[in-house]
Amino acid sequence: MNDQRFFDLSAKRLSATISSQEEDELTQYLEEQPDQRIVFRELENHWNESGKLRLKYTDDPQGAWEKFSGMKSDHQPKTVRWVHFAYRLAAMVVLTVGLGFLFREFGKTEPYHYATFEGEIKWIMLPDSSHIRLNESTLLTVASDFNENDRNVILEGEAFFEIARDENRPFIIETNEAKTHVLGTSFNIRALEEEPQVEIYVVSGKVSFSAGEKELILTKGMAANYNKAGEELALIAESQNALAWHSQTLKFEDTPLGKVFADLEQYFDVEIAVTNENLKNCRFTGEFKKPNLEEILKIISISADITYSKNNNRYTIDGEGCSPVK
């Protein structure tokens, strides 16, 4: 059973909408997977807590969501980033089901949620024919009346957008405090909660990237970021591997190893430390389709005369390094 199926069945059991056949399927799976029983108990605890919130915040659905989203667990899962994301997704499902009567009472309708789990990447198509590819552990929220009067979505995670052109209704993506306005173009946005910045890279067309009163206009090949702490927008150098998760290709052309390691960290979600800062000055050229981290590090170790060791999810690079290029 994959993560999506497990989560769907768990949500159905907690909301009392599960069929007898689905109940048997979930029960058997939990008996065979002790680790997933721990995850299910966490979801159940959050569900029970949400019942208290529904009573306390009956006049404030948004407050209930924010309160529920802030809950933390003492359980430390194997994959911290994914389980933190799963809790947020669980909260979204709980409030969609448990607070449904509030939305009806206030004349609102529930939004649609598109989500991917760890290791999952998928394409979705919106009612306006825009295509969006979600990277793993990503949540896209779309209003139920999307494409009627406007085209607004909320992104948590990373996604590649191919937006259908509509001169009368710009497509707006909200990511934390930053907003992206487009008419019709393709671009990538990375907005992970645990990272200090929101990054955007434009593949085609023109994009307005803004935060508060500040705005940047980006065209093909341009990239920018929004620093959450400093609340600053800035243009950044084009990243050759900004779309690596989308293309499944990593490419380096006479690239300093400092940048190579940064790209590897982001692509493989690992930590890479160097024992000698001069190692970052060495340069590397190579292209890898459907890349494998160990294979890449072996090739780099031969070409740059370095060694590497691994401890859990952390790699340590050792060697003499290179002098800075003048």
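1. Basis of the values. This is a predicted model, in which local features need pLDDT of at least 70 and side-chain atom pairs count only at pLDDT 80 or more, while totals for chains, interfaces and linings use all residues. Residues are numbered from 1 along each chain as its sequence is written, and side-chain values use heavy atoms, with hydrogens and water left out.

2. The chain overall. The secondary structure comes to nine helices and 18 strands, where helices (H or I, at least four residues) and strands (E, at least two residues) are DSSP runs numbered from the N terminus. Of the 326 residues, 44% count as buried, a term that stands for under 20% relative accessible area, with exposed meaning over 50% and partly exposed the range in between (1.4 Å probe, protein chains only). The accessible surface is about 17400 Å², and 47% of this surface belongs to carbon and sulfur atoms; the areas come from the Shrake-Rupley method with a 1.4 Å probe. Among contacts (heavy atoms within 4.5 Å) between residues at least 6 apart in sequence, 48% join residues at least 24 apart.

3. Strands are taken as paired if DSSP finds at least two bridges between them. Strand E2 (residues 122–125) and strand E3 (residues 131–134) run antiparallel and are joined by four bridges, with Ile124 standing opposite Ile132 in E3. The two strands form a hairpin with five residues between them, and Ser129 in the turn has a positive phi of about 75°. E3 is also joined by four bridges to strand E5 (residues 151–162), again in an antiparallel arrangement, and here His131 stands opposite Glu162 in E5.

4. Strands E12 and E13. Strand E12 (residues 223–227) and strand E13 (residues 232–236) run antiparallel, with five bridges between them, and Asn227 stands opposite Glu232 in E13. These strands form a hairpin with four residues between them, in whose turn Glu231 has a positive phi of about 55°.

5. The disulfide. Which cysteines are joined? With a disulfide defined as a pair of cysteine sulfur atoms within 2.5 Å, the count comes to one disulfide, formed by Cys282 and Cys322, whose sulfur atoms are 2.0 Å apart. The pair links distant parts of the chain, 40 residues apart: Cys282 is in the loop between strand E15 (271–274) and strand E16 (283–289), and Cys322 is in the segment after strand E18 (314–318). The torsion about the S-S bond is about 100°, so the disulfide is right-handed. Cys282 counts as buried because its relative accessibility is 2%, whereas Cys322, at 30%, counts as partly exposed.

6. Thr175. This residue is in strand E6 (residues 171–175) and is buried, with a relative accessible area of 0%. Leaving aside residues up to four places away in sequence, Thr175 touches Leu155, Ile189, Ala191 and Val198. The C-alpha atoms of Thr175 and Glu156 are separated by 6.6 Å, although the two residues are 19 residues apart along the chain.

7. Ala242. Located in the loop between E13 and H7, Ala242 is buried, with a relative accessible area of 15%. Residues up to four places away in sequence not being counted, Ala242 touches Glu158, Asn188 and Tyr201. Ala242 and Val202 are 40 residues apart in sequence, and their C-alpha atoms are 9.8 Å apart in space.

8. The second largest pocket. About 840 Å³ of space lies in this pocket, and of the 35 residues that line the pocket, the closest to its centre are Glu158, Arg190, Asp263, Gln266 and Tyr267. A pocket here is an open set of points on a 1 Å grid over the protein atoms alone, where a 1.4 Å probe fits, with protein on both sides within 12 Å along at least five of seven lines, and lining residues have an atom within 4 Å of a point. Strand E8 (186–191), strand E9 (197–204), helix H7 (244–247) and helix H8 (257–268) each supply at least two residues of the lining, and H8 gives the most, with six residues.

Conventions: Grid points are joined across faces, edges and corners, and a volume is the space filled by probe spheres set on the points.
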